[in-house]
Amino acid sequence: MIHCKKFLSVGRCFVVCCLALSGTLAFAQVSKTLVRHAVGHAVSRSLRELPIDVLGLRDVEAPEPKPLPMSARKIATLSKADPVLQTEIPANVAAIMHIDFDGIGAQGSAPSDVNLAVGPNHIVQTVNSRLAVFSKNGALLSGPTNLTTFFQPVGGACATGASDPIVNYDRLADRWVISDIGISATFSECVAVSKTNDPAGQYILYNFSFGTNLNDYPKLGVWPTTSNSAYLATYNMFQNGQTFIGSFLCGFDRAKMLVGSGNAVQLCVRTPNTEGGYLPSDLDGSTPPTDGTPGLFLTWQNNNPGQLLLRKLTLNFANTTATLSSPTTINVANSILACGNGGTCVPQKGTTQTLDTLGDRLMYRMGYRKFLDHERVVVNHSVDNGGPVAVRWYEILDLSGTPTLNQQGTFAADTTSRWMASAAMDKANDIAIGYSASSSAINPGIRFTGRVPGDPAGALESEASMLEGTGSQTTGLSRWGDYTALQVDPSDDCTFWYTSQYEKVNGTFNWSSRIGSFIFGNCGGGGTPAVTLSVTKLTFPKTVIGMTSTPKSVTLTNTGTATLNISSISPSGDFAISNNNCVATLSAGASCAVRVTFTPTTRGSRQGNLTFNDSAQGSPQTTALAGTGTAIKLTPSSLNLGTVTVGNSSSPQTITVTNVSNAIVTFTSISVAGLNPADFLIASSTCGPTLAGGANCTLGIKFKPIATGLRNGTLQLKDDAGGSPQTAALKGTGT
């Protein structure tokens with residue numbers, strides 16, 4: 001059987017044909033260390049300064065992941081039904097959906113290769129050839145930026161074509177790591193490490209060339225051991241882009257990359273060509289792996305009998321050596337490959353076009369979490385469920401010691417296909433899985449499910465919808481996702497963030513992406529969040545129509561015992577948020593502030609609310625907003641008429657009265673009031689009883705003190721302009 005796959009790079013197209021794999025092609029494991037130095041090393045411009053990618057590509061299909069050995073292990077039926085198929089679905093998933101918003105869109109390329117990383121205040125999303133930075137409230141802060149523009153300073157394949165990007169947040173270093181395949185006549189791994197914790201700032205760039213060998217379907221993980229810390233990486237290697245020669249299991253020198261050294265190396269060891277599709281361990285939580293723990297790599301090796309393979313990579317960057325362990329087999333339940341061969345069969349509403357499952361490999365990512373007395377990882381892949389595609393998932397303990405399969409299950413709640421999943425675990429041992437869902441009756445949508453520790457082993461709860469698609473991917477394009485990402489928010493270690501693709505309308509090369517968050521109620525110490533607002537009402541001073549007041553603040557404090565999830569903060573009426581440091585999650589005991597301004601659109605009393613939608617009881621909470629708009633503007637708003645001898649008069653100074661509205665203003669009186677009204681007089685006036693919209697008039701004011709010392713008065717205009725009277729402060733000194 002021959003698979004012909006198209007590889008497209010900027011300005012070129014070439015076809016690669018590759019043979020199906022068999023045991024007779026197996027290479028012996030190459031035990032020697034493969035040392036790779038960067039052929040390009042540079043510092044990027046700040047990401048926020050790079051041009052926005054507006055045009056993108058036009059109907060370009062990115063290189064398709066090559067088939068792996070698993071795809072040749074086809075069986076039509078099992079000797080008995082799926083032994084871990086979940087036949088009873090417990091109550092609705094015990095997670096609360098919070099904020100969700102659109103990420104980067106297609107711009108004419110497919111598939112999405114959608115991925116994200118989450119930091120304390122930001123989200124970085126990558127798709128096939130672009131990246132962007134968002135706030136946790138969904139505001140676009142930088143991009144979208146084309147990846148070839150981003151990597152331009154290191155040249156070569158990194159500056160020519162891009163595919164398969166991955167973004168990681170290195171929690172212990174507070175840095176961001178962005179990587180992709182560079183594609184030209186040769187192939188590269190392009191890696192960027194942020195110089196600071198600002199994801200929209202500068203990055204240290206690296207170009208690691210693989211020559212004419214394709215480093216397909218790369219996946220990266222953060223492995224911050226005290227010594228020999230690494231950014232772990234896996235590749236499915238194809239010699240000259242054609243013949244599968246095994247997986248490269250690798251580590252980049254994290255310590256040197258974090259200081260921007262051009263001498264940072266990549267160390268790799270190759271597996272036999274009977275193994276592929278490995279995932280690297282990727283740290284979740286704040287507890288690093290014990291120092292000396294080798295990098296952990298897991299693959300789905302066989303479906304019948306069901307087997308996972310675990311390999312461990314011991315790195316020594318000082319000696320530029322890497323030692324790969326022999327594989328450890330972890331026995332799992334048997335299964336049938338999705339679509340029979342791990343390929344294309346997922347139906348959609350309104351079209352005969354089916355979608356690809358990539359059902360011959362584990363799906364990104366392998367989240368690793370270190371607890372006090374054990375380790376846990378959770379992974380998944382797609383399987384057949386009598387026609388529809390289902391999600392098979394595994395929880396494995398103590399991979400660095402004696403691995404134990406703790407639980408496993410196949411989730412298929414009905415005849416809808418579920419695939420392209422990503423799994424993760426929070427600090428409370430809650431497991432979550434996000435995935436795509438589609439059938440002949442529905443458009444592809446985005447859903448999630450999960451479990452809490454008290455649920456039956458191997459069982460997930462009923463699913464929830466993040467977004468129901470309104471379109472299908474139509475004839476000519478089967479690629480869907482290639483991978484997605486579920487990450488845990490480092491600010492509370494509880495909130496899950498998921499990103500995947502969907503279609504708004506029927507078409508090809510027109511996908512959209514979505515970013516959404518949810519949290520299990522038992523995470524965060526088992527308590528509940530509570531909201532206290534510093535004020536129940538903000539009253540703004542009288543403000544001229546169209547002008548903006550100085551801001552006033554509302555402080556929100558989480559007075560509860562669990563993390564507060566904030567889905568939105570919105571003002572109404574003539575009020576706007578000028579600054580907001582409240583992000584999507586707020587830890588127990590923490591506070592954040594929102595500053596609000598008032599810009600009246602008409603005269604008179606103006607009312608509004610500042611509304612907080614969140615996960616606390618009593619949501620939404622509101623702060624009332626009030627202000628008065630006036631059509632009359634006095635310029636200047638105060639006069640200092642200087643020092644004048646008692647009984648004498650100063651020279652007149654002018655106050656201009658402007659009607660900023662379109663309606664006529666009627667004056668009932670213009671006079672001087674205040675502490676010393678007799679010391680000030682209106683010497684001249686061009687103001688009549690009315691003032692037309694947009695017109696102005698003037699008042700000449702003199703100071704004639706009747707006593708010594710500081711004298712104060714107030715020019716006062718009574719009218720129907722709103723907020724009457726209008727006033728200007730007057731002062732002078734008598735001698």
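**Notes on the disulfides and salt bridges**

1. A disulfide here is a pair of cysteine sulfur atoms within 2.5 Å. The link has 95° about the S-S bond and is right-handed. It connects distant parts of the chain: Cys 582 sits in the loop between β43 (575–580) and β44 (585–586), while Cys 592 is in strand β45 (residues 591–598), ten residues apart. Strands are DSSP runs (E, at least two residues), as helices are (H or I, at least four), and they are numbered from the N terminus. Both cysteines are buried, where buried means under 20% relative accessible area, exposed means over 50%, and partly exposed is in between (1.4 Å probe, protein chains only).

2. Before going on, keep in mind that this is a predicted model, where local features need pLDDT of at least 70, side-chain atom pairs count only at pLDDT 80 or more, and totals for chains, interfaces and linings use all residues. Residues are numbered from 1 along each chain as its sequence is written, and side-chain values use heavy atoms, with hydrogens and water left out.

3. How many disulfides does the structure hold? There are six. If you number the bonded cysteines of the protein chain in sequence order, the pairing reads 1-2, 3-4, 5-6, 7-8, 9-10, 11-12.

4. Now look at Cys 687 and Cys 697, whose disulfide has an S to S distance of 1.9 Å. With 90° about the S-S bond, this link is right-handed. Cys 687 is in the loop between β52 (680–685) and β53 (690–691), and Cys 697 is in strand β54 (residues 696–703), ten residues apart. Cys 687 and Cys 697 are both buried.

5. Is the link of Cys 494 and Cys 523 left-handed or right-handed? It is left-handed, with -75° about the S-S bond. The sulfur atoms of Cys 494 and Cys 523 are 2.0 Å apart. This pair also links distant parts of the chain: Cys 494 in the loop between β35 and β36, Cys 523 in the loop between β37 and β38 (531–533), 29 residues apart. Cys 494 is buried at 0% relative accessibility, and Cys 523 is buried at 3%.

6. On to charges. Side chains of opposite charge can pair when their charged atoms come close. The whole structure has 23 salt bridges, each a side-chain nitrogen of Lys or Arg within 4 Å of a carboxyl oxygen of Asp or Glu.

7. One of these joins Arg 514 and Asp 102 (2.9 Å, N to O). Arg 514 is in strand β37 (residues 512–520) and Asp 102 in strand β6 (residues 95–102), 412 residues apart. Arg 514 counts as buried at 17%, whereas Asp 102 is partly exposed at 23%.

8. Another salt bridge pairs Asp 493 with Arg 171 (3.3 Å, N to O). Asp 493 lies in the loop between β35 (485–488) and β36 (496–502) and Arg 171 in the loop between β12 (162–170) and β13 (175–183), so the pair ties together parts 322 residues apart in sequence. Asp 493 is buried, at 8%, and Arg 171 is partly exposed, at 25%.
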